[in-house]
Amino acid sequence: MKTAVNRMENLLLSIRPSASLEYQKHYSFPSLVLIFFTFSGIGWLWEVLLHLVMDGMFINRGVLTGPWLPIYGTGGVLILLVLKKWQDRPLRLFGMTMLLCGIIEYFSGLALETLFQVRWWNYSDMLFEIQGRVCLTGLLIFGIGGLAIVYIIAPKLEGIFSRIPPKYLCLLCAALLLIFAADIAVSFLHPNTGFGITTAI
């Protein structure tokens, strides 16, 4: 039995992504900015649609006013930068992505709760959760999403962004960053709260 387990472990550790996947890329700063906003927008859309299905109503999720959840964008960019050395080992990348996203989500929740005295997410009713800030189900989803980001989504996005003339690419990044900074400034004074968005601590 022990030998079979060891063989399975060795098999899993030897898994490598297909050579046809062009995932070992150097992402330019403008590309990383646009990847950040793309993932932030996808995260916002995911949560809005989730509540639309569950509650039957539109709820603008997140602390900010705009259609973005920066925790998703931050996670996506950090997966590409911080976890780069594990990109040849999908199983290890999966585990490290869970760890990284867990740290981001836990401390983001802690910081928001400390600053504003309300919660934007609470996993207290989920199995294997830590103080309601992270849960195993969410981390598994992040782990799978991290693999998709590294091997499929980010390389495709880089290919799209690389076709944009540098002048327009820089203008687009600057405009997005300015709008985002303004949203942070306003939302720090008047965060997005209410039904379906926040709960009391």
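**Figure 1. Glutamate 113 and arginine 119 meet through their side chains.** In this predicted model, the side chains of glutamate 113 and arginine 119 make a polar contact at 3.3 Å. Glutamate 113 sits in helix 4. Is glutamate 113 buried or exposed? Its relative accessibility is 7%, and because buried means under 20%, glutamate 113 counts as buried. Leaving aside residues up to four places away in sequence, glutamate 113 touches Val118, Arg119, Arg133 and Ile201.

**Figure 2. A cavity is lined in part by helix 4 and strand 1.** Let us look next at empty space inside the model. Rolling a probe the size of a water molecule over the atoms shows where such space is left. How many cavities of 30 Å³ or more does a search of the whole structure find? The search finds one, and the volume of the largest cavity is about 30 Å³. Helix 4 (90-116) and strand 1 (118-119) are the elements that each give two or more residues to its lining. Helix 4 supplies the largest share, with three residues.

**Figure 3. Seen residue by residue, the cavity lining brings back the pair from Figure 1.** Which residues line the largest cavity? They are Gly109, Leu112, Glu113, Val118, Arg119, Trp120 and Trp121. Sorted by class, this lining has four nonpolar residues, one polar residue and two charged residues. Glu113 and Arg119, both in the lining, are also the partners in the 3.3 Å side-chain polar contact.

Figure 4. Where does threonine 193 lie? Look for it in the loop between helix 6 (166-189) and strand 4 (199-200). With a relative accessible area of 42%, threonine 193 is partly exposed. Threonine 193 and valine 118 are 75 residues apart in sequence, and their C-alpha atoms are 8.5 Å apart in space. Valine 118 is also among the residues that glutamate 113 touches.

**Figure 5. Stepping back, the whole chain has six helices and four strands.** The chain has 201 residues, and 38% of them count as buried. Among contacts between residues at least 6 apart in sequence, 73% join residues at least 24 apart. The chain exposes about 11,900 Å², and carbon and sulfur atoms supply 72% of that area.

Terms used. Residues numbered from 1 in each chain as written. Predicted model: local features only at pLDDT ≥ 70, side-chain atom pairs only at ≥ 80, totals over all residues. Heavy atoms only, no water. 1 Å grid on protein atoms, 1.4 Å probe; cavity = no way out; pocket = protein on both sides within 12 Å on 5 of 7 lines; lining within 4 Å. Points joined across faces, edges and corners; volume = space filled by probe spheres on them. Nonpolar A, V, L, I, M, F, W, Y, C, P; charged D, E, K, R; others polar. Buried < 20%, exposed > 50% of the residue type's maximum accessible area, 1.4 Å probe, protein only. Contact = heavy atoms within 4.5 Å. Areas by Shrake-Rupley, 256 points an atom, 1.4 Å probe, with all protein chains shown as cover. Polar contact = N/O pair within 3.5 Å; in protein donor to acceptor, adjacent residues only side chain to side chain.
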